[in-house]
Amino acid sequence: MQSHAPTIFPTPEGNNILDTQGSFRYPRGMDKTAAVPQTLQDALRYFSDPDKCLAFMVELRWPNGVTCPTCGGRFVSFVSTRRIWTCKENHERKQFSAKVGTIFEDSPVGLDKWFAAMWMIGSAKNGVSSYEVSRGIGVTQKTAWFMLHRIRLAMQRGTTDKFFGDVEVDETFIGAKARNMHKAKRARLVKGSGPFGSSKAAVMGFLQRGAKKGESKVRLTVIDNIRTQTLDTHVRSRVAPDASVFTDALSSYRKLGDTYDHRTVDHAVEYVSGKVHTNGLENFWSLLKRCIKGTYINVEPFHLFRYLDEQAYRFNTRKAKDGDRFTDSLRSIVGKRLTYKHLTGKDALPATT
Ligand SMILES: [Zn+2]
């Protein structure tokens, strides 16, 4: 088997991680674009080796050498038989795996399966269902569902940078069944006025047009209503004051002209007037709805923002190669945790895969 393994990341002689004593060594140069597997098939073959999975993750997580997640100490020794490290300092949790302090923490699922799932959701334009992942990597559907939500957390981009230049702003409604809603959310939505009383969730989108085709970026947020104060506040917190803002003729946007170069297109009359349109977002909405209806079938409103994170991430990295998108999402796993209890309010999944 070993002789058939692709030599995508050449291992310098004597650098075999299984031979290592005292400190963890890994193949060099694996973080270069050329060295990252670029197809699902290459990735599955490459990551079928647990040592290569670990080496890949270590290179991204600790490019300057492994440090203890508890004390930050550099004096750690690698226990190759168990693929864990022991910190030399005297404290609790001296032994740690590469999963500690990441979205993978406490997961009994191997890195090979995690990486395959990350690759699948990152490269599938319309998303990938937990059923597909379950069949593809051999875990239960419930485990796959939980894994996908944790990967969505890695895809979440918390940024405070404001959009600038030409910015489209629009809102849409995502259908949902009230009976599946979280109690607090249902209470809020049912109280809300407007067209989405009890059965729909509203999403607001921002699209910054790019200099070239394919360079536009989106940001999304779930909103409680489409009243002036709500929409106005969201625009001001996400769009720089010198931007040109394009919206439809919804009256909730009427105050934006105080600050912005605000242009509206009245969809009752026309959809495009020169550069005044929201077609970028309209296209994004159809992609989003295809993903949610086609792949995920029924998204519970209190999880909706996670699917929005996923779709926005994939859209904003659409020019990247699948392998680079995979590497980028893997870089973002540290310092993020999502427990089953936090996700569902229920006790943890049984520790089986
Ligand atoms: Zn330590």
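**Helices and how they pack**

Mentor: Happy to. Start with the overall picture: of the contacts in the protein with a separation of 6 or more, 63% are between residues 24 or more positions apart. Keep in mind that this is a predicted model. The protein has eleven helices and eight strands, and 33% of its 353 residues count as buried.

Now find helix α2, which covers residues 50–61. Its twelve residues reach 16 Å from the first C-alpha to the last, close to the 16 Å expected at 1.5 Å a residue. Click along α2 and you'll come to a run of buried residues: Lys 52, Cys 53, Leu 54, Ala 55, Phe 56, Met 57 and Val 58. What do the buried residues of α2 pack against? They pack against α1 (40–46), α3 (111–123) and α10 (322–331).

From there, follow α3 across to another partner, helix α4, residues 130–137. The two pack at an angle of about 140°, and their axes are 10 Å apart. Angles over 145 degrees would count as roughly antiparallel, and α3 and α4 are therefore oblique to each other. As for handedness, α3 passes α4 in a right-handed crossing. Zoom in on the place where they touch: on the α3 side you have Lys 113, Ala 116, Ala 117 and Met 120, and these meet Val 133, Gly 136 and Ile 137 in α4. Sorted by class, that contact has five nonpolar residues, one polar and one charged. The numbering on the α3 side is worth a glance too. An α-helix has 3.6 residues a turn, so residues three or four places apart point the same way.

His 149, Arg 152 and Met 155 are the α5 residues involved, and they meet Arg 306, Asp 309, Glu 310 and Tyr 313 in α9. By class, this contact divides into two nonpolar, one polar and four charged residues.

With the helices done, hop over to the loops. Ser 216 is in the loop between β5 (200–208) and β6 (217–223). Is Ser 216 buried or exposed? Ser 216 counts as buried, because 21 C-beta neighbours lie inside 10 Å, and the cut-off for that is 20 or more. Leaving aside neighbours within four places in sequence, Ser 216 is in contact with Leu 207, Gln 208, Arg 209, Gly 210 and Gly 280. Gly 280 is 64 residues away from Ser 216 along the chain, yet their C-alpha atoms are separated by 8.2 Å.

Most residues other than glycine have a negative phi. Arg 83, in the loop between β1 (76–79) and β2 (84–87), has a positive phi, near 55°. Arg 93, in the loop between β2 and β3 (95–96), has a positive phi as well, near 50°. Their surroundings are worth checking too: Arg 83 counts as partly exposed because it has 18 C-beta neighbours inside 10 Å, while Arg 93 is exposed, with 11 other C-beta atoms within 10 Å.

Conventions
Residues numbered from 1 in each chain as written. Predicted model: local features only at pLDDT ≥ 70, side-chain atom pairs only at ≥ 80, totals over all residues. Helix = DSSP H or I, 4+ residues; strand = E, 2+ residues; numbered from the N terminus. Expected span 1.5 Å × (residues − 1). Buried ≥ 20, exposed ≤ 12 C-beta atoms within 10 Å, placed from the backbone. Contact = placed C-beta atoms within 7 Å. Axes fitted to C-alpha atoms, helices over the stretch in contact; angles between N-to-C directions. Parallel < 35°, antiparallel > 145°, perpendicular 65-115°, else oblique. Left-handed = near helix turned anticlockwise from the far one by under 90°. Nonpolar A, V, L, I, M, F, W, Y, C, P; charged D, E, K, R; others polar.
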